Amino acid sequence: MPHYRAYGLTLFANAPIPGLVALVQPLSSSPDICVELDAMPSFWHPQLQNSESARAWYVSHRKDAQGQPILQAWQLQQGAYFRLKYCDGTEFIVDRGGCRIWAKWIAPLTLEDTATYLLGPILGFVLRLRGSVCLHASGVAIRDRAVLFLGQAGAGKSTTAAAFAQSGYPVLCDDVAALTLKNGQFFVRPGYPRLRLWSKSVIALFGNPESLPRIVPTHPTWDKRYLDLAQNDYRFQGNSLPLAGIYRLSQRLDRAIAPKIERMSSQTGMMSLIANTYTNYLLTKQMRSTEFEVLGQLLQSVPLQQLHPHADPSYLPQLVELIASDLGTES
């Protein structure tokens with residue numbers, strides 16, 4: 001059975017996970033996480049579903065076209081496990097220690113659909129359970145230092161990282177940036193060798209949406225695609241790197257001053273970090289308290305600036321040069 005490495009953790013799975021590259025050498029120790037696909041734990045049965053999980057622990061405010069919450073979550077077995085169910089019927093059970101994950105889906109959904117959840121919010125939640133603070137950010141490596149692009153969905157995080165990839169820079173992570181604090185210094189863990197891009201971004205970067213394959217080939221409407229960083233001379237940064245800077249992607253400008261970098265006040269910076277932590281909607285009070293302390297340390301030790309891209313995507317190479325220059329490096 002395949003073994004993988006993602007976000008600094010080793011994973012064992014009972015089937016191949018789309019998007020991850022299996023390790024060539026077998027693990028010398030037990031994996032950090034065991035993933036069982038198309039399976040549920042032995043204690044899970046319909047009676048438990050009707051009784052213990054009748055009241056949801058978390059219900060998403062966002063709803064689908066039918067008015068169903070995008071995500072609901074329950075605590076099971078007196079809090080020993082979490083059940084997360086998405087509106088399309090995909091569901092996961094995760095143990096509180098973040099060591100085991102079970103996943104189940106219903107037709108016409110596929111393993112590829114499920115993997116998009118697994119490699120994003122589910123592993124993000126597992127990282128939180130294991131004590132890591134994660135930012136909703138994509139990251140690249142510049143001269144052996146990590147740089148993160150922060151922002152909400154649609155801000156251009158992955159597009160910016162892909163522009164760096166086109167310029168020859170290694171990509172460190174996409175969408176989820178897992179942080180580690182060592183001896184007073186923050187490090188960013190490597191994610192996995194893919195960048196996920198909407199067709200609009202693919203057109204801006206490559207000229208044609210068909211330049212990159214769909215993440216889920218069978219999905220009729222979900223047109224997100226991926227850049228394989230293990231091919232075509234692209235580079236994936238497989239080791240953790242010290243964090244040198246964070247840029248919050250802000251309003252795109254169509255003026256000659258863009259792309260542009262602006263300083264942020266400490267108060268605005270802290271609010272930005274809090275707003276862009278990953279899966280913060282699933283945190284307990286203790287986890288939120290710990291997160292707040294870590295973010296305070298992060299703000300004091302790593303520069304956080306506001307980045308205004310140009311509204312015209314043809315300016316992306318200038319944006320790459322601007323950030324490289326801002327860090328005192330050359331492309």
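**Notebook: helix packing, sheet order and backbone exceptions**

I began with helices H3 and H7, which are roughly perpendicular to each other. The model I consulted is predicted. For this pair I read an angle of about 80°, with the axes 9 Å apart; angles of 65 to 115 degrees count as roughly perpendicular, so the description follows. H7 covers residues 316-326. I then listed the contact: Thr159, Thr160, Ala163 and Phe164 in H3 meet Leu316, Leu319, Val320 and Ile323 in H7. Sorted by class, this contact holds six nonpolar and two polar residues, and no charged ones.

**Entry: H3 with H4**

I next looked up H3 (residues 157-166) against H4 (residues 199-206), and found a packing angle of about 25° with the axes 11 Å apart. The two helices are therefore roughly parallel to each other. I noted that H3 passes H4 in a right-handed crossing. On the H3 side the contact is made by Thr159, Ala162, Ala163 and Gln166, and on the H4 side by Ser201, Leu205 and Phe206. I recorded the division by class as four nonpolar, three polar and no charged residues. Thr159 and Ala163 are among the H3 residues listed for H4, and they are also among those that meet H7.

**Entry: H5 with H6**

For H5 (residues 266-275) and H6 (residues 285-301), I found axes that come within 10 Å and cross at roughly 135°. That angle makes H5 oblique to H6. The crossing is right-handed. From H5 I listed Ser266, Gly269, Met270, Leu273 and Ile274, which meet Phe292, Leu295, Gly296, Leu298 and Leu299 in H6. By class I noted seven nonpolar residues, three polar and no charged.

**Entry: the open sheet**

I traced an open sheet of eight strands in the order S1-S2-S3-S8-S7-S6-S5-S4, with mixed pairing. Strand S1 (3-6) and strand S4 (58-59) stand at the edges with a single partner strand each, so one side of each has no neighbour in the sheet. I then examined S7 (residues 91-95) and S8 (residues 100-104), which run antiparallel and are joined by four bridges. Which residue in S8 is the bridge partner of glutamate 91? I found lysine 104. Helix H2 (residues 111-129) packs on the sheet and touches S2, S3, S6, S7 and S8. I noted that the direction of H2 makes about 30° with that of S7.

**Entry: aromatic pairs**

I found 12 aromatic pairs in the structure. One of them joins tryptophan 57 and phenylalanine 82, with 5.3 Å centre to centre and 45° between the planes, a tilted arrangement. This pair links distant parts of the chain, 25 residues apart. I placed tryptophan 57 in the loop between helix H1 (46-51) and S4, and phenylalanine 82 in strand S6.

**Entry: backbone exceptions**

Most residues other than glycine have a negative phi, and most peptide bonds are trans. I therefore looked for exceptions to both patterns. A cis peptide bond joins alanine 107 and proline 108, with omega about 10°; proline 108 lies in the loop between S8 and H2. I found another cis bond between alanine 258 and proline 259, with omega about 0°. Proline 259 sits in the loop between strand S16 (241-249) and strand S17 (260-263). For arginine 143 I read a positive phi, near 50°. I located arginine 143 in the loop between strand S9 (133-142) and strand S10 (145-150).

Notes: Residues are numbered from 1 along each chain as its sequence is written. This is a predicted model: local features need pLDDT of at least 70, side-chain atom pairs count only at pLDDT 80 or more; totals for chains, interfaces and linings use all residues. Side-chain values use heavy atoms; hydrogens and water are left out. Axes are lines fitted to C-alpha atoms, for helices over the stretch in contact, and angles run from 0 to 180 degrees between N-to-C directions. Angles under 35 degrees count as roughly parallel, over 145 as roughly antiparallel, 65 to 115 as roughly perpendicular and the rest as oblique. A crossing is left-handed if the near helix is turned anticlockwise from the far one by less than a right angle, and right-handed if clockwise. Contact means heavy atoms within 4.5 Å. Ala, Val, Leu, Ile, Met, Phe, Trp, Tyr, Cys and Pro count as nonpolar, Asp, Glu, Lys and Arg as charged, and the others, Gly among them, as polar. Two strands pair if DSSP finds at least two bridges between them. Rings of Phe, Tyr and Trp (its six-membered ring) pair if their centres lie within 6.5 Å; planes under 30 degrees apart count as stacked, over 60 as edge-to-face and the rest as tilted.
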